[in-house]
2 protein chains.
Amino acid sequence: MSKQNLKPPRGTRDLYPEDQRFREWLFGHFREVAARFAFEEVDAPIVERASLFMRKAGEEIVDQLYHFELHGRHLALRPEMTPSIARMVMARAGGLRMPLRWFTVTQNWRYERMTRGRKREHYQWNMDIYGEPSVTAEAELIAAVTTLVDRVGLERDHVKIRVNSRSLLEASLRAGVLRDRPEVFEPLCVVIDKIEKIGADKVTDMLVDPAGAVQLDAASARDVVAMLEVKNLEDAVAAAPADSSAGSDLLRLWSLLSAYGIEDRVVFDASVVRGLAYYTGIVFEAFDTRGALRSICGGGRYDRLTETLGGPSIPAAGFGFGDVVIAELLADMNKLPELQHPVDDVVFAFDEAQRAAAIDVATRLRGAGHRVELVLGTPKLKRVITDADRDGVDTLWLVGPDEVERGVVKQRRLATGEESELPLDSFAVEPRG
Amino acid sequence: MSKQNLKPPRGTRDLYPEDQRFREWLFGHFREVAARFAFEEVDAPIVERASLFMRKAGEEIVDQLYHFELHGRHLALRPEMTPSIARMVMARAGGLRMPLRWFTVTQNWRYERMTRGRKREHYQWNMDIYGEPSVTAEAELIAAVTTLVDRVGLERDHVKIRVNSRSLLEASLRAGVLRDRPEVFEPLCVVIDKIEKIGADKVTDMLVDPAGAVQLDAASARDVVAMLEVKNLEDAVAAAPADSSAGSDLLRLWSLLSAYGIEDRVVFDASVVRGLAYYTGIVFEAFDTRGALRSICGGGRYDRLTETLGGPSIPAAGFGFGDVVIAELLADMNKLPELQHPVDDVVFAFDEAQRAAAIDVATRLRGAGHRVELVLGTPKLKRVITDADRDGVDTLWLVGPDEVERGVVKQRRLATGEESELPLDSFAVEPRG
């Protein structure tokens, strides 16, 4: 095998013990936050029918689909969880108690060009609420995001959440520049989602591009971009058509977030639309307040997705929170946890004649819940002690010929160096775990 | 979306909350057993270069590979973890402290014909030890399997472990029928692995098949099959060539298993070879003692895998333990756990005017570690109580107009029906978790 072939495929990761400890630490926080909000975990296959992900709005996520023909079927590695969740809800529609609160921690795939911090596979924590039409759902979701940010040790001002309403934007545009062409709203959102990355001028160019999906005239494009620059909630609400409920929903959301005590952690931003075509209402994204990283999570309301997929209309809202950007932010902020492989005891037979006695000691410790490394070969005692010290092991159990002959085992507490001899047959084990 | 398209692709599973709870319960046991044996978790990509899995021994697992060309690369969904683990070890060979003990809990894919209990994707718990040449490694692995069986609530006689030595078989065959053709040993193992499923006669036919990979004469094939029928360790050891260490390894393994207190849980069975080409020494499989199900786990020593892949020679042993057969066995034995969605508190605002107060109550409970369902809409109180009762919720918090006016919240303990009123601003929360 060539050196190149020892690596995982480009854009994917091997997780050695230290990487996996971090992942499990992070996933543990995802799961704990979800539990505190009484969400239930679900899962779906990583390989789905490709058609589940095919949409017509020019989204990056669809362009980047890992899809292939296999045994006569057109399959895809899921690029995101939302369509699979929608499929599962639809498959049991009527039999599920609403509102339902589901979460997932799953791997997703996107075939994208590799730049710093971009992977072709990443994990994502998703939380979704189905069956609740009011913004109480979005408020719970945003509160869960802030709870996670706090739990992983970031400071309150490291991360904020930008909030907007696609329906507010849609109402304004339908009353204005999109009056005769409401169908271009979704591709328009896909374009304006790029504004932070590529800037207002390039977005304007794309909106007027005669070969593009939107094809506005120049004045209309400038109007749209001007609309995105509003950073004040009251101004945006005042500018919206009076018959739209989007403004009152936004104001209500703000008062709910205030009840959660997190009003200071959200900012209104009319340019946030998220790059997925299916969002219909409130949209939000968490961001690094230094502006150095891509968005940490993104979500919103997607009330028409189940209908688009051919099912009943079910109101829904959710977010996806990746594992890559949060790890980068923790690293930048010097907040990565120090995680060691937890081993309570090391049991060492000096040579093979004491192997059975050592196995017996290890088995009894494990039976009491201890995490026990049984030394398998017969290395030098000095090496065993050095390794155990470095690993932060509590107790070393030494089973030598002399000990076995006298029917004892030597116990050494590594923190203090204190040694004692215990009867091999009947030493007391402190239970753990 | 058609009704058919609401289902996951054939051979895959959607995991609704009740399914996922079982999976997390089982994975929790996998991880806890691994922790007690001081194994460290690792992971690798689910999509690998297809070449990593290509071998020439006619194994089912290779025939059933999910592989495809994508962006000019030949990729595959991993059918098993062992080659990826070997790749990871090789990539850091020299930098890893040996012996290393790694485990994984990962999804694997095989494109196979669908019969009862067969899936195209399944999860597998793998435990592997690299760098330990002696059977102390196999003994630890077998002890871990029995520990898992005990932890999930099966009885000692529900599962036993068949053990054999491929090197014992190989030594006997090389001294006999394979004297001039040692290279057919691996394909021969792939054939005889099927003996329990298809019977001795069909195995004999396959061994003599002039179009097959082995092509023995009829007498040799009968000799091989007779050799597989030995069920007594001493007879097998006695029949092996005197210069083979395989017999003494087997005897040593038995004495180690006796030190673990699990000698009664293993049986010698000369027909066990496992269907993977890379095994070289001890092989074992756990089985349902009723004989109703496929094997529960399988493993063994594979000292030549890293060399086969072009790397240094590193002794290794491990097993894979799937999630499907153990679940079937637990169901058959009526040992499936009853797992409920754990919710400590339900907080209910009678109407929107009390929403902020209810959010405050929920946020404080969550801050103390409680798992709290905040009722999002304003259903009837009766329905809220019925749902909370069914879910086994501890405490219902009622926030009505009358309570808010008086600055209190009503707390109802659902087990006893006991109600009390607490000050809304300053009620004490019992910490949890």
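Strands here are DSSP runs of E with at least two residues, helices are runs of H or I with at least four, and both are numbered from the N terminus. What you are viewing is a predicted model, in which local features need pLDDT of at least 70, side-chain atom pairs count only at pLDDT 80 or more, and totals for chains, interfaces and linings use all residues. Residues are numbered from 1 along each chain as its sequence is written, chains are lettered from A and ligands numbered from 1 in the order in which they are written, and side-chain values use heavy atoms, with hydrogens and water left out.

Strand β9 of chain B, residues 282-288, runs antiparallel to β7(B) and is joined to it by 7 bridges, whereas strand β8 of chain B, residues 266-268, runs parallel to β7(B) and is joined to it by 3 bridges.

Now select B:G300, which is found in strand β10 of chain B, residues 297-301. B:G300 is buried, with a relative accessible area of 0%. If you leave aside neighbours within four places in sequence, the residues in contact with B:G300 (heavy atoms within 4.5 Å) include B:I282, B:V283 and B:F284, as well as B:A316 and B:G318.

Move on to helix α7 of chain B, residues 185-192, where 7 of the 8 residues are buried, so the helix is largely enclosed by the rest of the structure. Among the buried residues of α7(B) are B:F185, B:P187 and B:I192, and the buried residues of this helix pack against α6 (166-174), α8 (195-198), α9 (200-208) and α10 (218-228) of chain B.

Finally, show chain A, whose secondary structure comes to 16 helices and 16 strands. Along its principal axes, the C-alpha trace of chain A spans about 95 × 50 × 45 Å, and 58% of its 433 residues count as buried.

How values were computed. Buried < 20%, exposed > 50% of the residue type's maximum accessible area, 1.4 Å probe, protein only. Pairing = 2+ DSSP bridges.
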